[in-house]
Amino acid sequence: MKDKSNPHSLTPPPLRNDCFAMPQGAHWTPVETALKHLRDQLTAISVTETAPIAGAAKRFLAQDVVALRSHPPTPNAAVDGYGFAGPAPEGPQQMPLVAGRAAAGQPYKGTVPKGQAIRILTGANLPKGVDTVVLQEDVNASETQIAFHGPLKRGANARNAGEDMKQGDVILPASHQLTSADLGTMAAVGISEVAVRKRLRVGILSTGDELRDPGTNADVGHIFDANRPMLCAVAAGWGYDVTDLGRAPDDRPKLRAMLDAAAKQCDVIISSGGASAGDEDHMSALLQDTGSFALWRIAMKPGRPLAMGLWNDTPVFGLPGNPVAAMVCALIFARPALRIMAGGDWQEPEGYLVPAAFTKSKKDGRREYLRARIENGHVQVFASEGSGRVSGLSWATGLVELDDPAQKVVPGDLVRFIPFGNFAL
Ligand code: AMP
Ligand code: MG
C-alpha cells in the first residue's frame with residue numbers, strides 16, 4: 001500500500017489532488033515554470049512487477065539492475081589467431097604449436113608451456129599459460145609451428161574477465177527506460193527477468209461535435225479526427241499500453257460517462273479539444289467540478305490553455321484541439337509527465353544548434369516551437385505557422401525551439417533544433 005519511504009512499493013500512492021495546481025489569473029506561465037511544476041509534483045503511479053527481459057524494451061526499471069556474472073566471464077581471445085605467454089619481443093619470432101586448439105565453447109583443458117603457442121579462435125577462453133594472441137593474418141603457420149614479427153604487448157588481442165561489466169556492478173539504474181541494447185546488456189550478464197513498472201495504460205480521447213472518423217461519411221461542418229490516430233501512435237511509440245477511447249461529442253453527460261469508463265481502465269487520459277474556457281469547452285467544464293482542475297495558460301506558441309486535472313484519481317491531460325498544438329503540447333508536456341508517472345526519470349529533449357535558413361521576428365514573453373527540418377545543413381521552417389496545418393508535422397523532421405525573449409532570426413543564426421527522434425517519435 002502507500003509507502004512514501006519506498007519509491008518501489010508495489011502500489012504507489014495516487015497523485016495529490018492539487019498536483020496540477022498552478023497560480024491562476026491573467027498571467028501566462030513560462031514553459032520552464034510549467035515543466036518544473038510537473039517535475040516537482042508528479043510521481044510514479046505504475047505498479048511494479050517482474051517481467052522476462054524479452055519484450056521488456058521501453059519499460060521502466062523499478063530497481064537498479066545488478067550484473068549476476070562478469071562480462072566476459074573469463075579472459076578470452078578477441079580474434080582468430082595463436083595464443084601464447086606474452087609479451088613477444090621485437091623481431092622475428094618462432095614458436096612450436098601444441099596439439100589441439102581452443103575454440104569458443106570448447107576450452108582447451110591443458111596448459112600451454114612457456115615459449116609455445118596454441119591455435120585459438122575468437123571467443124575461446126585463454127588456456128592456462130596464454131595471455132596474448134597474435135592475429136592469424138600476421139602469422140605464417142605450419143602444422144607444428146608458427147612464425148610472426150614482434151613486438152606484441154602482453155594481453156594483445158585478448159579480453160580481460162569483467163572488462164565490460166563486473167559481477168555485482170549496477171549496470172542500469174532504477175527509472176531507466178529499457179532500450180533494445182539494454183536487453184542485450186542484461187542478457188550478457190545472465191539476467192533473464194527484471195523488476196519493471198507495469199506499462200502505463202494511456203487512453204486517448206478526441207472531443208468535438210464536428211469530428212468524424214476517416215472512412216465514414218463527413219457532411220458539411222464535419223472534419224476528420226486527425227488527433228486520435230496521431231496521439232495513439234505517439235503514446236504507443238513511447239512504450240505505453242494505449243487504449244483508443246474514441247470520440248466524445250460536445251455533450252457534458254456523454255463526456256462524463258466516457259471519462260468515468262476511461263478512468264476505470266486507464267492510468268492516464270489524454271484528450272484533445274474542448275480544453276479552453278469557451279461555451280463548448282466541456283472537458284474544462286467537467287474537470288472544474290473535480291476540485292483538481294487547473295487551466296494552464298502557457299506562454300507558448302502553438303498551444304492554447306491546457307486543461308489539467310484528476311478524474312476519479314486518474315490524471316487527465318486536456319490538450320488543445322488544433323492538431324499542431326495538440327502534438328506540440330503532447331511532446332513538451334505530456335511526454336515528460338507520462339515518463340514520471342510510468343516510473344521513469346525526468347527527461348527534457350536534447351536539441352542541437354543549427355544555422356537557420358529562415359528569417360523570423362518573434363515577440364517577447366513566449367516560447368515558440370516551429371515545425372522544421374534540416375536542408376543542406378541548415379534548418380528550414382514550415383511555410384505556415386497555422387496550428388491547424390497538420391501537414392506541416394509530416395513535412396517536418398523536428399521542431400525549432402525559440403526561447404522566451406523577443407528575437408530576430410536571420411539566415412545563418414544558430415537556432416535550437418530538436419529532431420522528432422529526441423522526443424522518441
Ligand atoms: P477546440 O480546442 O475544441 O476548440 O478545437 C480547436 C480546433 O481544433 C477546432 O478547429 C477543431 O475543429 C479542431 N480539432 C479539435 N479536435 C480535433 C481533432 N481530433 N482532429 C482535428 N481537428 C480537431
Ligand atoms: Mg471542440
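These legends describe close-up views of one predicted model. Residues are numbered from 1 along each chain as its sequence is written, with chains lettered from A and ligands numbered from 1 in the order in which they are written. In this predicted model, local features need pLDDT of at least 70, side-chain atom pairs count only at pLDDT 80 or more, and totals for chains, interfaces and linings use all residues, while side-chain values use heavy atoms, without hydrogens and water.

**View 1. Strand S1 pairs with strand S12.** Strand S1 covers residues 48-52 and joins S12 in the antiparallel sense over 5 bridges. Strands are DSSP runs of E, at least two residues, numbered from the N terminus. Two strands pair if DSSP finds at least two bridges between them. Threonine 48 faces arginine 197 of S12. Strand S12 (residues 193-197) has 4 of its 5 residues buried. Buried means under 20% relative accessible area, exposed over 50%, and partly exposed in between (1.4 Å probe, protein chains only).

**View 2. Six strands form an open sheet.** The order is S7-S4-S6-S5-S9-S8, and the pairing is mixed. Strands S7 (132-135) and S8 (140-141) are at the edges with a single partner strand each, so one side of each lacks a neighbour in the sheet. Strand S4 (residues 81-84) runs antiparallel to S7, joined by 4 bridges. Glycine 81 has leucine 135 of S7 as its bridge partner.

**View 3. Glutamate 368 and lysine 360 form a salt bridge.** Their side chains meet at 2.9 Å, N to O. A salt bridge puts a side-chain nitrogen of Lys or Arg within 4 Å of a carboxyl oxygen of Asp or Glu. Glutamate 368 is buried at 1% relative accessibility. Lysine 360 is buried too, at 11%. The structure holds 21 salt bridges.

**View 4. Arginine 367 reaches aspartate 403.** This salt bridge spans 3.6 Å, N to O. Arginine 367 sits in strand S24 (residues 367-375) and aspartate 403 in the loop between S26 (398-402) and S27 (407-409), so the pair ties together parts 36 residues apart in sequence. Arginine 367 is buried, at 6%. Aspartate 403 is partly exposed, at 42%.

**View 5. Arginine 373 meets glutamate 375.** Their side chains form a salt bridge of 2.9 Å, N to O. Arginine 373 is partly exposed, with a relative accessible area of 26%. Glutamate 375 is partly exposed as well, at 30%.
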